Amino acid sequence: MGMINNIMKPSLVQRHTRIRLYKILARSVLCYGSEAWTLRKKDESRITANEMKFMRYTAGYTKWDHKRNEDVMEELQLEPVINHVKHYRNNWINHLQRMRRDRIPKVMLHYRPNGMLSRPKKRWIEKSTFCGGYLILINAELHALYTSPDIIRNIKSRRLRWAGHVARMGESRNAYRVLVGKPEGKKPLGRPRRRWEDNIKMDLREVGYDGRDWINLAQDRDQWRAYVRTAMNLRVP
């Protein structure tokens, strides 16, 4: 809306042109993804204030004219954008209700968390016309809905796979020499930073290996591959 105000000023274009640009450009951008918004009263007030600033400028009013929002919108023959947001949200909830039960959005809609909960925040489902139930997921419960591992498990598994590949390289390879090499000189004062090899040892402890010589362990491809797969599918509380 700021771009429209800068380029299409009321003194340069007719009112219906600004309103048409608002419907085509500003309102579509403002409502993008609004089906999944969880709006508080504070959020609705901000959206309304932003919209009415543009509408008053289009109608030629200032705040000193003391014109009510409803009167300005009626004069311009427009409906508040909040009504459009609620309409899109209700259409989406109706679409969810028609989905099959195995669809992820439908599963999340009717999901019930276990355990004790404090007073919950206002949720998206309470803002729709659909009544009953609530939706609040912690990370572990959300990942439990999916069969694929989360991104951290992917990172650790790929790191272990690469560590095993480097450990099996020959001594002439630069990657292997960097892995087993010892830097010269004095160490700086303070606690040393965590090294890449330290992460490998921590990953191995998570999958049940407590040994120190992991480089020799990596020479057994089958056993190392088993640890890599375990790291991928491990569920850490």
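Let's start with a charged pair: Arg-195 and Asp-198 form a salt bridge, with their closest N and O atoms 3.0 Å apart. Arg-195 itself is partly exposed, at a relative accessible area of 44%. Keep in mind that this is a predicted model.

Side chains of opposite charge can pair when their charged atoms come close. The count here comes to nine salt bridges, and the table shows some of them.

| Salt bridge | Closest N to O distance |
|---|---|
| Arg-195 and Asp-198 | 3.0 Å |
| Arg-68 and Glu-70 | 3.5 Å |

Take a look at helix 13 next. Asp-222 and Arg-225 both sit in this helix, three residues apart, which is about one turn. Asp-222 is exposed, with a relative accessible area of 57%, while Arg-225 counts as partly exposed at 38%.

Now for the aromatics. Searching the whole structure turns up two aromatic pairs. One of them is Tyr-209 with Tyr-227: the ring centres are 5.9 Å apart and the planes meet at 65°, so this pair is edge-to-face. The cut-off behind that label is over 60 degrees between planes. The two tyrosines tie together distant parts of the chain, being 18 residues apart. Tyr-209 lies in the loop between helix 11 (196-206) and helix 12 (214-217), whereas Tyr-227 belongs to helix 13 (residues 221-233). Are these two tyrosines buried or exposed? Both Tyr-209 and Tyr-227 are buried.

Conventions: Residues numbered from 1 in each chain as written. Predicted model: local features only at pLDDT ≥ 70, side-chain atom pairs only at ≥ 80, totals over all residues. Heavy atoms only, no water. Phe/Tyr/Trp six-rings, centres within 6.5 Å; stacked < 30°, edge-to-face > 60°. Helix = DSSP H or I, 4+ residues; strand = E, 2+ residues; numbered from the N terminus. Buried < 20%, exposed > 50% of the residue type's maximum accessible area, 1.4 Å probe, protein only. Salt bridge = Lys/Arg side-chain N within 4 Å of Asp/Glu carboxyl O.
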